[in-house]
Amino acid sequence: MSSRLDRIDLKILRLLQNNGRLSNAELAGTVAISPATCHRRTQRLFEDGFIAAVRAMVAPKKVAKGTLVMVGVVLDRSTPESFAIFEQAITKLKFVLDCHLVAGDFDYFLKIRVGDMEDFNRIHGEQLIALPGVRQTRTFFVMKEVVDNAPLEF
């Protein structure tokens, strides 16, 4: 962790991570600094990249995306070029929430939200297996989300 972060910065990060809707006044009061100082510190945390973004966590079921699917992807070649081509293509698929290059039996793991199994079957057949370099996919339907998007511990 950066030596530029003091205990107040860390407290601001923890508080905002748990509730991104805190007002500057609420945040300043909780960490016992003036609102102006709190605003400067928070802006610096954004500028220095400690806070990447602030956004709402939408309830998937409320927007008909209640089915979570993890997909392991194996490419036909493990070369920097094939990885780059795949990565460029996968970023265009808006139903893919996360894509991670991994070590082990798969090259990538994808996190996908869909309405139901029929919806996934359609996008799998029309888009996933058509991605450049894809040799094999293995699909895992999530039965229960035990921990999802937990706050970072620091």
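Me: What are the axes of helices, and how do the angles run?
Reply: An axis is a line fitted to C-alpha atoms, for a helix over the stretch in contact, and angles between N-to-C directions run from 0 to 180 degrees. Note that this is a predicted model.

Me: OK. At what angle do H1 and H2 pack?
Reply: About 130°, and the axes of the two helices are 10 Å apart. H1 covers residues 7-18 and H2 covers residues 24-31.

Me: Is the crossing of H1 and H2 left-handed or right-handed?
Reply: H1 crosses H2 in a right-handed way.

Me: Which residues make the contact?
Reply: H1 supplies Ile8, Lys11, Ile12, Leu15 and Leu16, while H2 supplies Leu27, Thr30 and Val31. Six of the residues in this contact are nonpolar, one is polar and one is charged.

Me: Switching to strands. How many bridges join S2 to S3?
Reply: Five, with S2 (residues 96-101) and S3 (residues 108-114) running antiparallel. As one example, Cys99 has Leu110 in S3 as its bridge partner.

Me: And what do S2 and S3 form?
Reply: They form a hairpin, with six residues between the strands. Gly104 lies in the turn and has a positive phi of about 125°.

Me: What domains does the assignment give for the chain?
Reply: The domain assignment lists domain 1 as 7-48 and domain 2 as 60-141.

Me: What distance separates the centres of domain 1 and domain 2?
Reply: Taken over C-alpha atoms, the two centres are separated by 37 Å.

Terms used. Residues numbered from 1 in each chain as written. Predicted model: local features only at pLDDT ≥ 70, side-chain atom pairs only at ≥ 80, totals over all residues. Heavy atoms only, no water. Helix = DSSP H or I, 4+ residues; strand = E, 2+ residues; numbered from the N terminus. Left-handed = near helix turned anticlockwise from the far one by under 90°. Contact = heavy atoms within 4.5 Å. Nonpolar A, V, L, I, M, F, W, Y, C, P; charged D, E, K, R; others polar. Pairing = 2+ DSSP bridges. Domains from an automatic or database assignment.
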